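Please keep the sequence and the three-dimensional view at hand while reading.

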Amino acid sequence: MPFPGGGCQTCRDRRIKCDKTQPICQRCIKSRRTCYGMRDQQVWHTENAYASRQKKRPRGPRSMKMNLTVSYKPANLKTYAIAYYMHNYLQAPHNVPDIVKDVTRGCLPVLPSTPWCSIIDLAVSSLALALFSRTQNYPHATVVASATYHRLLQVAQTAIHYLTPDNTDPCLLAVFFMGRYEDSIYRPETKTPLVNASPSFSHHDGALAILKVWNDRFSCDRPATDVIKHTRRGVVRSALLRNTALPHWIHDGAFFGEHGLELEYDRVIISLANIRHRLFALADEITARGTTPQNESILKLEQIHNELHTLDLDLETCLSHIPDAWRQSQQHTLSNVDLPSWPSANFYSPVLYSYPSPTYAALWSQYNATKMLVKSTRLRILALHNPNNLSLKQKLSFDMQCVSEDLAATVPFALQRVRVIGDTHSSSIPRSSVTLNLKAEVKPTDACLVIWPLTIASGLEYVGSEQKAWFKAQLARLGRVVGFGVFESVETDQWLKL
C-alpha cells in the first residue's frame with residue numbers, strides 16, 4: 001500500500017522516485033538512509049545529517065539484507081534498529097485473522113502520527129535495539145538497548161503513577177514492550193522454573209493493574225481501544241501460563257472490544273484459565289495432605305471435569321463458526337525422496353496441511369493448541385481422581401495424539417517451509433502438490449504466527465515424548481529467529497509445565 005503524496009519524505013528531499021512500499025521505503029533501507037514509518041499516513045522519518053548531505057556518508061556496503069549479521073557500525077544505530085524491527089516484525093502477511101493478532105500486529109500499525117511520545121519512543125527503541133543485537137550479532141546494540149530501557153523505566157514509573165485517559169494506551173504499550181524486552185535479554189542461569197523466574201511476568205501484572213485503573217476510572221467515558229483489547233488478551237495468556245486466577249472484572253470480553261468469533265473464543269479461554277486455576281489449587285491441597293482425595297475433593301474434581309467436558313464442546317461449536325474461506329485445507333504427503341527420515345528439523349511427519357494463506361494455518365494452530373490444553377487438563381484430573389477409567393483415558397489420549405499431529409502438520413505451512421503448486425482451493429476438486437522451500441530463511445513475521453501455539457504444546461504433560469521434543473525444537477529455533485532469549489529454556493528442565 002503506497003504512501004500518500006508521492007512517497008516518503010526522505011526520497012522527496014533527495015528528489016528520487018520512492019518505491020512507496022509499506023511500512024518502510026525499501027529504497028531507503030537498501031541505501032541505508034534513515035526512513036521508517038507506519039501505515040495510513042502515520043509515517044515516522046528522521047532525516048539525519050547524511051541524508052541532508054551535511055556530513056559525508058561513511059564508506060561501506062550500499063545494501064544489506066535485513067536478516068544478515070551486521071559487520072560494520074550503522075551510522076545511526078537506533079534508527080537502523082527500529083527500521084530493522086519494523087521491516088522484519090511489522091510487515092505481517094495479508095489477511096491476518098484478528099483472533100491471532102497480538103499487540104504488535106493489532107496496535108502498532110494504528111499508532112498516532114509522529115512524533116511519538118517519549119515513552120513510546122523509548123519502548124520501541126529498547127526492544128528494537130535488543131532484538132537487533134541478538135539476531136544480527138551486534139553486541140554494541142545491547143549496551144544502547146540497556147541504557148534506553150533504564151530511561152524507559154524512569155519515564156514509565158512517572159507516567160503510570162499519573163494515569164489519565166490520554167496516556168493509558170501509551171503506558172500499556174510501554175509495559176508490553178518492557179515485557180518483550182525482558183524476554184529478549186533473558187538467560188536461563190538458575191534452576192528456578194521459568195514460570196516463577198521470568199521477569200516479564202511482573203510487567204504482565206503491571207498491565208493488569210493499568211487495565212484495572214481504566215476499568216474503574218475511565219471506561220465510562222473512554223470505551224476500550226485496540227491497545228486495551230490486545231493487552232487484555234496478553235494478560236489472559238499470561239494467566240494460562242502461570243495457572244493464576246483472572247479477576248471477575250476482566251471476564252467480559254465484549255466490554256473490552258471483543259465481538260463475533262473472537263468473543264466466542266474469548267469466552268472459552270477465560271473459562272479455561274479460571275478452571276485450570278481452581279484445578280491446580282485443589283491439586284496442591286490434595287498433595288499437601290499426602291492422601292488420596294477425600295469426598296469433598298472428589299466432588300470438586302468431578303465438577304471441574306464436567307465443566308471441562310462442556311468447554312470441549314463449546315470449543316468445537318466455536319470451530320464450526322469459522323468462515324468457510326478460512327476452513328479450506330488440503331492434505332499433502334511428502335515422499336521419502338524429499339526427506340529420508342521423520343521427524344526432521346522442519347517436518348514432524350510426511351503429512352502436511354495447506355491453507356489459502358499461512359495466516360489461516362496460524363489460526364488452526366492456535367485452535368489445535370487450545371484443544372490440546374483442554375484435553376490435557378482433563379487427563380490431569382483423571383490422574384488425580386478415577387485413574388482406573390481406562391476407556392476415557394484412552395479416548396482422551398488418542399484425541400491428544402491426533403490433535404498434536406494436526407498441529408505438527410500445520411506448522412510447516414505457516415512457516416512457509418513448503419510451497420503449494422497448482423489450483424489449490426478454487427475448484428471443487430483441487431489438484432495441487434507441494435515443493436520444499438527450505439533454502440529460504442524463516443521470517444520473524446511468520447515465526448510470530450505460531451510461537452504461541454508452540455509455547456502451549458511444548459509445555460503440556462500429556463503430549464507424546466517424540467511430539468513434545470519436536471515442538472520444543474521448533475520453538476527454540478523460532479526463538480532464535482525472533483531474538484527472544486526466553487525460548488532458550490524450552491529444551492531444559494526450566495521450561496513451563498502446563
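Asn243 is placed in the loop that lies between α10 (226–242) and α11. The model discussed here is predicted. Although Asn243 is not a glycine, its phi is positive, at about 55°. Is Asn243 buried or exposed? With a relative accessibility of 13%, Asn243 counts as buried, because buried means under 20% relative accessible area.

- Asn137 is located in the loop between α5 and α6 (139–161).
- Asn137 is not a glycine either, yet its phi is positive, about 55°.
- Asn137 has a relative accessibility of 54% and therefore counts as exposed, the cut-off for this class being over 50%.
- Asn137 follows α5 in the chain, which leads to the next topic.

- Helix α5 covers residues 118–136, which makes 19 residues.
- From its first C-alpha to its last, α5 reaches 26 Å, close to the 27 Å expected at 1.5 Å a residue.
- Because 17 of the 19 residues of α5 are buried, this helix is largely enclosed by the rest of the structure.
- Helix α7 (residues 168–185) has 18 residues, which should span 26 Å at 1.5 Å a residue.
- The end C-alpha atoms of α7 are 26 Å apart, in agreement with that expectation.
- In α7, 15 of the 18 residues are buried, so α7 is likewise largely enclosed by the rest of the structure.

**The largest nonpolar core**

- As general background, nonpolar side chains tend to be buried together in soluble globular proteins.
- The largest nonpolar core of this model holds 134 residues.
- Which members of this core touch the most other members? They are Tyr85, Tyr367, Met372 and Phe471.
- Helix α14 (residues 358–384) supplies the largest share of the core, namely 13 residues.
- Why does the core lie between domain 2 and domain 3? Domain 2 (76–258) and domain 3 (322–422 + 431–497) both give residues to it, so the core is situated between them.

**The packing of α14 and α15**

- Two packed helices are described by the angle between their axes and the distance between the axes.
- For α14 and helix α15 (residues 390–414), the angle is about 160° and the axes are 9 Å apart.
- The two helices α14 and α15 are therefore roughly antiparallel to each other, since angles over 145 degrees fall in that class.
- The crossing that α14 and α15 form is left-handed.

**Buried tyrosines in helices**

- Tyr265 belongs to helix α11 (residues 260–289).
- A relative accessible area of 7% makes Tyr265 a buried residue.
- Tyr265 and Tyr367 are 102 residues apart along the chain, and their C-alpha atoms are separated by 9.1 Å.
- Tyr367 has already been named among the core residues that touch the most other members.
- Tyr89 is part of helix α3 (residues 77–90).
- Tyr89 is also buried, with a relative accessible area of 5%.
- In sequence, Tyr89 and Arg105 are 16 residues apart; in space, their C-alpha atoms are 8.5 Å apart.

- Lys300 lies in helix α12 (residues 295–320).
- Lys300 has a relative accessible area of 36% and is thus partly exposed.
- Between Lys300 and Leu279 there are 21 residues of separation in sequence, and their C-alpha to C-alpha distance is 8.7 Å.
- Glu307 is likewise found in helix α12.
- Is Glu307 buried or partly exposed? Its relative accessibility is 24%, so Glu307 counts as partly exposed.
- The C-alpha atoms of Glu307 and Ser271 are separated by 8.9 Å, while the two residues are 36 residues apart along the chain.

**A cis peptide bond**

- The peptide bond that runs from Trp342 to Pro343 is cis, and its omega is near -10°.
- Pro343 is placed in the loop between β3 (330–333) and β4 (351–354).

Key:
Residues numbered from 1 in each chain as written. Predicted model: local features only at pLDDT ≥ 70, side-chain atom pairs only at ≥ 80, totals over all residues. Heavy atoms only, no water. Helix = DSSP H or I, 4+ residues; strand = E, 2+ residues; numbered from the N terminus. Expected span 1.5 Å × (residues − 1). Buried < 20%, exposed > 50% of the residue type's maximum accessible area, 1.4 Å probe, protein only. Core = buried A, V, L, I, M, F, W, Y, C linked by side-chain atoms within 4.5 Å. Domains from an automatic or database assignment. Axes fitted to C-alpha atoms, helices over the stretch in contact; angles between N-to-C directions. Parallel < 35°, antiparallel > 145°, perpendicular 65-115°, else oblique. Left-handed = near helix turned anticlockwise from the far one by under 90°.
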